[in-house]
Amino acid sequence: MSLRLSRRKALQLLGAGIAGALFPPSLALAGSNGRLYKPIPGGQRLPVIGLGTWRTFNVGADQQLLGDRAEVVRAFFEHGGGMVDSSPMYGSAPDVMGFALERLGHPGSLYSAEKVWSPAGGSTREQIAELADRWGVSRFDLMQVHNLVDWREHLEVLQQMKADGELRHIGVTTSHGRRHSAFEDIMQNHDIDFVQLTYNITHRQVEHRLLPLAREKGIAVIANRPYDGGGLIRRLKRGHEVPGWAKEECGCSTWAGFLLKFIVSHPAVTCAIPATTSVEHLEENMRAGLEPMPGEGARRRMIEHIESL
């Protein structure tokens, strides 16, 4: 189908729940609130700003910190959030999500994303059942193979669970630019719905092969490490002002907006998953999901500006 549909017609298709089957994940549409959404396989659409939990949600049983993270989750959903991504590799993060969801209820917009990892050893189903118990959910929306560890064994089980209706979507992850050749092979030869990979304004290797391949295959893309582990945004905030032209052209009033809008405006990227311990920073992140977004010219200017600093 041509992408030259009218905006009204596209929204009608989204409302009918069939756009995901017709449109590639790259087609972005803004809701009436100005928030940008992108379709995923099967017909749903997701807000382009999700919530990561790496490092930030590993707080153990500290009641004060548990309460603080629950407030971050509350703010995320109050600002229209959807995808929350976690992993058993992130310490107590799955338990913290369970605590937050029990306190807040289970928001209807929640799109739960988790991971299985090593060792597989026939334990894929057991790992998923344990994670569901920690989150307090009956099933996950997305289950990913963490960093391709034991991916053949895990993926076979995930595909069967999806076929049986026990999972909605399945995928694989990588980070820090690792194992891209193996990642590409999986994207080419296996039936998956999502990939999660590292993409930010200073790490753009995936623009050459993996992002174009995702568009070709209709695979949704989650961008991790949007602030390069936090170091990138800290350096920018410490020594530089957001350029005035970025605010005028694409509404980037903060460095969070600048960095996140760059990522989610790539046509192959479905959403970014910044992590934070702060409600204030969460709100900055969520504003990055609002229109306007940078066009191709503004994206090139963003790269040139960062490289000039």
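Let me begin with Ser-123, which is buried at a relative accessible area of 19%; buried here means under 20%, exposed over 50%, and partly exposed in between, with a 1.4 Å probe and protein chains only. The model is a predicted one, in which local features need pLDDT of at least 70 and side-chain atom pairs count only at pLDDT 80 or more, while totals for chains, interfaces and linings use all residues. Residues are numbered from 1 along each chain as its sequence is written, and side-chain values use heavy atoms, with hydrogens and water left out.

Ser-123 sits in the loop between strand E6 (111-116) and helix H5 (124-135). Helices (H or I, at least four residues) and strands (E, at least two) are DSSP runs, numbered from the N terminus. The C-alpha atom of Ser-123 is 8.6 Å from that of His-154, 31 residues away along the chain.

I turn now to strand E9, residues 194-198. Five of its five residues are buried. On one side these are Phe-194, Gln-196 and Thr-198, and on the other Val-195 and Leu-197.

Which strands pair with E9? Strand E8 (residues 169-173) does so in the parallel sense, over three bridges; pairing requires that DSSP find at least two bridges between two strands. Val-172 stands opposite Val-195 of E9. Strand E10 (residues 220-224) also runs parallel to E9, joined to it by five bridges, and Ile-222 in E10 is the bridge partner of Gln-196.

E8, helix H7 (residues 180-189) and E9 form a right-handed β-α-β unit, as do E9, helix H8 (residues 210-217) and E10. Right-handed means that, with the strands pointing away from the viewer, the path from the first strand over the helix to the second runs clockwise.

Finally, the salt bridges. The structure holds 14 of them, each being a side-chain nitrogen of Lys or Arg within 4 Å of a carboxyl oxygen of Asp or Glu. One joins Asp-85 and Lys-115, at 2.7 Å from N to O. Because Asp-85 lies in strand E5 (residues 83-85) and Lys-115 in E6, this pair ties together parts that are 30 residues apart in sequence. Asp-85 is buried, at 1%, and Lys-115 is likewise buried at 1% relative accessibility.

A second salt bridge links Glu-184 and Arg-209, with the closest N and O atoms 2.5 Å apart. Glu-184 belongs to H7 and Arg-209 to the loop between E9 and H8, so parts 25 residues apart in sequence are tied together.
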